[in-house]
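Thanks for sending this one over.

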Amino acid sequence: SDRASIAVIPGDGIGPEVVEQALAVLTAACGEQAFEFTHYDLGARHWLETGEVLDDDTLARLARHDAIVLGAVGAAPGSAQVPSGLLERGLLLRLRFAFDQDVNLRPSRLYPGVPSPLAPAVLDRGPIDFVVVREGTEGLYAGNGGALRRGTPHEVATEVSVNTAFGVERVVRYAFELAATRRGRVTLVHKHNVLVNAGGLWRRIVDEVAADHPGVEHDYLHVDAATIMLVTDPQRFDVIVTDNLFGDILTDEAGAITGGIGLAPSANINTAGRFPSMFEPVHGSAPDIAGRGVADPTAAISSMALLLRHLGRGADADRVDAAVSADIESNRGTARSTGQIGGAIAAALR
Ligand code: NAD
Ligand code: IPM
Ligand code: MN
């Protein structure tokens, strides 16, 4: 059939709560016939019941879908026995790595009417609208590390950051191509004053790729300075390109300045197009609010706009974005449940 086949991994904590709304919005935007959803019950409960996080057979089945929707994995009420990192590494990062999701795309836009913690003088300078292109399959996330003499006073723990010319170049090229469709400015964020090997590689590749894109300007910030600029001058950013860990940290901060992590979407894109890409909110399982129906599903819903765009349904993606923006603007300051927010956005699209 020509229905797109979507794997759905609701996961833990608020994951299932926000995913339910995201799927309802997809259906409202595109009709009942557009998608075939297959649910995968993975996460804390699955591990507690079976001892498996993600077996090879399930991975192979996931590989056959056109895209994956993920809620969140990790800490949740009743899963205190799950070791930290087991699900994050074994499920989420395993998917990003196995499906070679090299570009972790994280747009940040301050919608009109959204309260931002930034100073009024900063906000007055103009709209905030930038995208972080976070490398998704390398860096400190590669899992190359170990501990010597664990548990002793002489313990040595290492995590090695892996940066390949191939892996860096493909995300840097993506960032320049994206900037060419936007305001034409790429900022490399790294820390080459300390991380001389990885930083040097990133810098050289940015210079090389920039030579192929005379219409795109580029500059550089050390990551510590970038965290300042996000708060004092966020309008200076158009496309930020950075490594896996810096991108993780910067995108939580980016979420915070644009109205909170409950609004921040993301796409994990396999740019080669050989494996499914995965769409998920930037936030996690939020154990502190799970089960109460108060999580904001907007981040998950906006992630569906990224999914639609990826599947070639740009007009539907634009409609979802517009519905989100209108919902935010007309309900500023109102306390609403997860279902009320998702329901309102879905109703506007039907
Ligand atoms: P978190 O993003 O889950 O929560 C951080 C804060 O933001 C909390 O106060 C939470 O209540 C709030 N928050 C998050 N999403 C929200 C939403 N939609 N609406 C309103 N408030 C929201 O980060 P954390 O507390 O550091 O991590 C909790 C667990 O989630 C950990 O186990 C972590 O490893 C995991 N995690 C998973 C993912 C993922 O699956 N993609 C991402 C981040 C963290
Ligand atoms: C995110 C999360 C993940 C990351 C964790 C849960 C592995 O924080 O998607 O931002 O660090 O990438
Ligand atoms: Mn994160």
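1. The lining of the largest cavity is made up of 5 nonpolar, 3 polar and 1 charged residues. In this scheme Ala, Val, Leu, Ile, Met, Phe, Trp, Tyr, Cys and Pro are nonpolar, Asp, Glu, Lys and Arg are charged, and the others, Gly among them, are polar.

2. A word on the basis: this is a predicted model, where local features need pLDDT of at least 70, side-chain atom pairs count only at pLDDT 80 or more, and totals for chains, interfaces and linings use all residues. Residues are numbered from 1 along each chain as its sequence is written, chains are lettered from A and ligands numbered from 1 in the order in which they are written, and side-chain values use heavy atoms, with hydrogens and water left out.

3. Back to the cavity. The structure has 1 cavity of 30 Å³ or more, and the volume of the largest is about 30 Å³. A cavity here is a set of points, on a 1 Å grid over the protein atoms alone, where a 1.4 Å probe fits but cannot get out; lining residues have an atom within 4 Å of a point. The volume is the space filled by probe spheres set on the points, which are joined across faces, edges and corners.

4. Which residues line the largest cavity? They are Arg106, Pro107, Ser108, Thr251, Ala254, Gly255, Ala264, Pro265 and Val282. At least two of the lining residues come from each of strand E4 (103-109) and helix H9 (244-257); helices (H or I, at least four residues) and strands (E, at least two) are DSSP runs, numbered from the N terminus.

5. Now to ligand 2. Around it sit Glu88, Leu92, Leu93, Arg96, Arg106, Arg134, Tyr141, Asp248 and Val282, each with a heavy atom within 4 Å of the ligand. Helix H4 (residues 86-98) contributes the most to this shell, with 4 residues. By class, the shell holds 4 nonpolar, no polar and 5 charged residues.

6. Oxygen atoms of ligand 2 come 2.9 Å from a side-chain N or O atom of arginine 106, 2.8 Å from one of arginine 134 and 2.6 Å from one of tyrosine 141. The protein buries 78% of the 320 Å² that ligand 2 exposes when taken alone (Shrake-Rupley method, 1.4 Å probe).

7. Lastly, please look at threonine 137, in the loop between strand E5 (129-135) and strand E6 (139-148). Threonine 137 counts as buried because its relative accessibility is 11%, and buried means under 20% (1.4 Å probe, protein chains only). Its side chain makes a polar contact of 2.8 Å with the side chain of glutamate 135 and one of 3.4 Å with that of arginine 170. A polar contact is a pair of N or O atoms within 3.5 Å; within protein, one must be able to donate a hydrogen and the other to accept it, and residues adjacent in sequence count only if both atoms are side-chain atoms.

Methods
On a 1 Å grid over the protein atoms alone, a cavity is a set of points where a 1.4 Å probe fits but cannot get out, and a pocket is an open set with protein on both sides within 12 Å along at least five of seven lines; lining residues have an atom within 4 Å of a point. Buried means under 20% relative accessible area, exposed over 50%, partly exposed in between (1.4 Å probe, protein chains only).
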